[in-house]
Amino acid sequence: MELTLFDYYRSSASYRVRIALNLKGAKYDRVPVNLLESEQQGEAYRARNPQGFVPMIEAGGTRIAQSLAIIDWLDATLPAPAFYPADAEERAHVLALALTVACDIHPLNNLRVLKHLSAMGIDQAGRDEWYRHWVREGLAGLEAMAAPRAGRFLFGDTVTAADICLVPQLYNARRFEVVLDAFPTLLRADAAATTLEPFAAAHPDRVAPEAASG
Ligand SMILES: N[C@@H](CCC(=O)N[C@@H](CS)C(=O)NCC(=O)O)C(=O)O
């Protein structure tokens with residue numbers, strides 16, 4: 001099946017989907033949507049994804065938005081390696097970790113939110129403080145939730161959807177110079193995951209427009 005991913009190299013929700021596609025060994029084409037030029041708001045893109053967000057994937061005649069929906073669809077379509085444990089309670093735990101990033105941390109720091117803070121007169125220092133505050137608070141919760149059951153990765157010794165969400169969030173946190181020392185479990189899982197080629201190949205530096213043009 002032909003897969004076309006509409007994404008932006010630095011978008012952490014897009015980064016999640018690139019990791020997931022690579023883990024499944026899926027071949028896909030990328031169509032970059034430049035968020036800094038507001039292409040996600042343009043008529044052409046909104047005709048494909050009315051919400052005006054990346055990522056979005058086209059698979060045959062189907063379009064799927066929302067990174068966790070895409071990841072779930074990939075998991076149902078290409079079963080190995082599974083992104084969630086088979087046990088129902090363990091699955092719920094992994095999903096809770098993933099949702100902590102995707103629903104509680106990331107949306108507060110989305111581009112449109114930061115732009116709106118700016119429109120309300122909040123300066124760069126204020127926006128940075130907003131960003132760091134919510135990331136620190138969110139990661140503290142994630143650390144406490146994950147630590148008792150973490151192994152090499154965020155849950156046990158196998159990569160799950162939780163790691164797929166964690167790595168892009170920490171990438172983002174580092175860009176905004178959030179101090180991460182208080183989160184040893186998260187740092188351990190991040191270090192283990194980022195050595196794996198499916199994660200490394202999804203990194204923004206590897207897919208940046210400059211990387212593509214050599
Ligand atoms: N819940 C969505 C969030 C998608 C999202 O927020 N994408 C960001 C980039 S990481 C975006 O397109 N932002 C555009 C904007 O804020 O205008 C998902 O997981 O796919």
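How far is an oxygen atom of the ligand from an N or O atom in the side chain of arginine 16? The answer is 3.3 Å, and the views below start from there. This is a predicted model, in which local features need pLDDT of at least 70, side-chain atom pairs count only at pLDDT 80 or more, and totals for chains, interfaces and linings use all residues. Residues are numbered from 1 along each chain as its sequence is written, and side-chain values use heavy atoms, with hydrogens and water left out.

View 1. A polar contact here is a pair of N or O atoms within 3.5 Å. Besides the arginine 16 pair at 3.3 Å, look for glutamine 66, where an N or O atom of the side chain is 2.7 Å from a nitrogen atom of the ligand. At serine 67, a polar side-chain atom lies 2.6 Å from a ligand oxygen. On its own the ligand has 510 Å² of accessible area, and the protein covers 91% of that (Shrake-Rupley method, 1.4 Å probe).

**View 2. The shell around the ligand.** Here you meet 16 residues, the closest being Gln40, Val54, Gln66, Ser67 and Asn110 (a residue is near the ligand if one of its heavy atoms lies within 4 Å of it). Six of the shell residues are nonpolar, eight polar and two charged. The largest share, three residues, comes from H1.

**View 3. The largest pocket.** The ligand sits in this pocket, meaning that more than half of its atoms lie within 2 Å of the pocket's grid points. A pocket is an open set of points on a 1 Å grid over the protein atoms alone, where a 1.4 Å probe fits, with protein on both sides within 12 Å along at least five of seven lines; lining residues have an atom within 4 Å of a point. The volume is about 970 Å³, the space filled by probe spheres set on the points. Among the 42 lining residues, Leu35, His106, Asn109, Asn110 and Leu111 are closest to the centre. H5 gives the most to the lining, six residues.

**View 4. Backbone features in the loops.** Valine 54 and proline 55 are joined by a cis peptide bond, with omega about 5°. Glutamine 66, in the loop between strand S4 (62-65) and H3, has a positive phi near 70°.

Definitions and conventions: A polar contact is a pair of N or O atoms within 3.5 Å; within protein, one must be able to donate a hydrogen and the other to accept it, and residues adjacent in sequence count only if both atoms are side-chain atoms. Helices (H or I, at least four residues) and strands (E, at least two) are DSSP runs, numbered from the N terminus. Ala, Val, Leu, Ile, Met, Phe, Trp, Tyr, Cys and Pro count as nonpolar, Asp, Glu, Lys and Arg as charged, and the others, Gly among them, as polar.
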